[in-house]
Amino acid sequence: MTDPPDKGVFTNRINFSMIITDFDNYDEGNGKFVIRTDIVNNWEDHRWHPLYLTHARDRIEDDCGKLHTEDSEAWQACVGDSTRWTKILTMFVVMMLSSSVATFEQKTAEILGLLAGSSASGQRPPWNPISLHLKQHDALAKTRVHPYIYQPSQENFNTDLSLFCAAFLDTDTTSFDVTADYTHFPFDTQTLYLTFQTDYFSAPQFEFDEIYGHPDPTWMVRPVNHLDIVKVRSGSFDTASSESRLVSQNAQKKLSLKGWTLLSAKPHVKRRGFSTDVGIELNIRRKVDVILLRFFGPMLMLIFTSFAGFCFPVSLAMPRVVTGFISFLSLQV
C-alpha cells in the first residue's frame with residue numbers, strides 16, 4: 001500500500017481539474033503570481049475496497065453474523081468485543097473526512113497499522129498522487145488551502161471504496177513561481193505556467209468538466225460528486241471569462257485593474273524528467289495605456305523638471321543643481 005497500485009512509470013491515472021476563481025497579485029520583482037483557485041484531484045486505488053471487505057466488514061459478519069438473527073443482545077456484545085475490527089470499520093467510514101493532506105495520510109497509515117495489528121507510529125502512509133506542492137506540511141507547498149479529501153461513493157461501502165477525491169477550494173491563496181520575458185517591454189506578452197508537479201508514477205490528465213461541466217463517460221475514474229463540492233465551495237466563481245472557461249470573470253476583471261489583459265488560459269500537461277507538470281498555461285498582455293500613465297508619465301515629468309534649472313539665474317547655483325539632482329534621485333526610487 002505504500003507503493004502505487006501500478007509501479008510502472010506514468011501509469012497511475014489521475015483526473016486533474018483547475019480553475020482560477022480570483023486574482024490576488026502579480027509580484028514581477030520576485031516572480032510570484034498569486035491567485036485563488038479550485039483544484040480537484042480524482043484517482044482510483046482498487047486495493048482499499050478488498051481490504052475493507054476482507055479485514056473489517058466480513059470479519060465482523062463472520063464472527064457475529066449468526067447471532068444477529070438469534071440474539072440481538074449477544075450480537076451487540078460480540079461486535080463490541082471485536083474492538084479492532086469495529087475500529088477499522090469506523091476508520092474506513094471517516095478516513096476521507098480530512099481537513100489536510102497530513103491528516104489524511106495519518107488516518108490511512110493508522111488503518112494499515114490496525115490491519116497489521118500494530119500502532120500507526122512508524123507506519124509509512126499509503127501512496128497517494130497529491131502533489132507535494134499541494135501539501136501544506138511540505139517545504140515545497142505553493143498553497144495555504146486546506147483540502148477536502150473524501151470518497152465520492154462512500155455512501156455505499158458495499159459497492160466501491162476505490163475512488164478518492166481531494167478538492168482544494170479557494171479559501172486561501174496559492175502562489176506560483178513564474179518567469180517573465182521583458183524583451184519587448186512595455187509591449188510584452190507573458191506566458192505563465194501555473195503548474196503543480198506530480199510524482200514518477202502518476203499520469204495526470206486535465207479534465208476541466210470534472211467540476212463544472214458534463215462528465216465524459218470514457219473516463220477511467222468516475223467524476224466526483226458535484227453536490228459535495230458545491231457544499232464546501234466558497235462560491236467566488238461567478239461565471240467564466242470571455243477568453244477562457246478556466247478563468248472566472250471576476251479574476252479577469254481584477255487582472256485588468258492590475259494592468260494586464262487576459263489573452264487565453266488553457267490546460268498544460270508536460271512530462272519533465274521523472275515528473276509531470278500539470279496546471280494552466282496563462283497568456284497575458286501588458287496594457288500599454290496603464291504603463292504609460294503609471295511609469296512613463298511620472299518619469300517624463302521628472303526629466304522635464306530637471307530642465308527647470310536653466311530658468312534660474314546663473315548666480316543661483318544651488319537651486320540650479322538641486323533642481324536637477326532631486327529629479328535624478330527621484331528616478332532611482
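Which residues does Ile 284 touch, not counting residues up to four places away in sequence? The legends below take up this question and several other close-up views.

**Notes for all views.** The model is predicted: local features need pLDDT of at least 70 and side-chain atom pairs count only at pLDDT 80 or more, while totals for chains, interfaces and linings use all residues. Residues are numbered from 1 along each chain as its sequence is written, and side-chain values use heavy atoms, with hydrogens and water left out.

**View 1. Surroundings of Ile 284.** Ile 284 touches Tyr 26, Phe 33, Asp 188, Thr 189, Gln 190, Leu 192, Leu 255, Trp 260, Thr 261, Leu 262 and Leu 263, leaving aside residues up to four places away in sequence. Contact means heavy atoms within 4.5 Å. Ile 284 is also among the residues with the most contacts inside the largest nonpolar core, together with Met 18, Phe 33, Leu 194 and Leu 282. That core has 40 residues, and its largest share, five residues, comes from S1. Apart from it lies another core, of five residues, including Val 40, Tyr 150, Cys 165 and Leu 169. A nonpolar core is a set of buried Ala, Val, Leu, Ile, Met, Phe, Trp, Tyr and Cys residues joined through side-chain atoms within 4.5 Å. Buried means under 20% relative accessible area, exposed over 50%, and partly exposed in between (1.4 Å probe, protein chains only). In soluble globular proteins, nonpolar side chains tend to be buried together.

**View 2. The whole chain, for orientation.** The protein chain has nine helices and nine strands. Helices (H or I, at least four residues) and strands (E, at least two) are DSSP runs, numbered from the N terminus. Of its 333 residues, 42% count as buried. Among contacts with a separation of 6 or more, 67% are between residues 24 or more positions apart.

**View 3. Trp 43 and Phe 164.** The structure holds twelve aromatic pairs. One of them, Trp 43 with Phe 164, is stacked, at 5.5 Å centre to centre and 10 degrees between the planes. Trp 43 lies in strand S2 (residues 32-44) and Phe 164 in strand S4 (residues 163-168), so the pair ties together parts that are 121 residues apart in sequence. Trp 43 is buried, at 1% relative accessibility, and Phe 164 is buried with a relative accessible area of 1%. Rings of Phe, Tyr and Trp (its six-membered ring) pair if their centres lie within 6.5 Å; planes under 30 degrees apart count as stacked, over 60 as edge-to-face and the rest as tilted.

**View 4. Strand S4 and its partners.** Six of the six residues of S4 are buried. Leu 163, Cys 165 and Ala 167 point one way from S4, and Phe 164, Ala 166 and Phe 168 the other way. S2 and S4 run antiparallel and are joined by six bridges; Ile 39 stands opposite Phe 168. Strand S3 (residues 148-150) is also antiparallel to S4, with three bridges, and Tyr 148 stands opposite Ala 167. Two strands pair if DSSP finds at least two bridges between them.

**View 5. The sheet S6-S9-S8.** Three strands form an open sheet in the order S6-S9-S8, with antiparallel pairing. Strand S6 (189-198) and strand S8 (260-272) stand at the edges, each with a single partner strand, so one side of each is left without a neighbour in the sheet. Twelve bridges join S8 to strand S9 (residues 275-286); the bridge partner of Thr 261 in S9 is Arg 285.

View 6. Phe 10 lies in the segment before strand S1 (12-27) and is buried, at 14% relative accessibility. Phe 10, Tyr 200, Phe 201 and Phe 274 form one aromatic cluster. Although not a glycine, Phe 10 has a positive phi of about 55 degrees. Elsewhere, a cis peptide bond joins Phe 185 and Pro 186, with omega about 5 degrees. Pro 186 is in the loop between strand S5 (174-177) and S6. Most residues other than glycine have a negative phi, and most peptide bonds are trans.

**View 7. Glu 28 in its loop.** Glu 28 lies in the loop between S1 and S2 and is partly exposed, at 28% relative accessibility. Glu 28 and Val 178 are 150 residues apart in sequence and 8.6 Å apart in space, C-alpha to C-alpha. Leaving aside neighbours within four places in sequence, Glu 28 is in contact with Tyr 182, Trp 260 and Arg 286.
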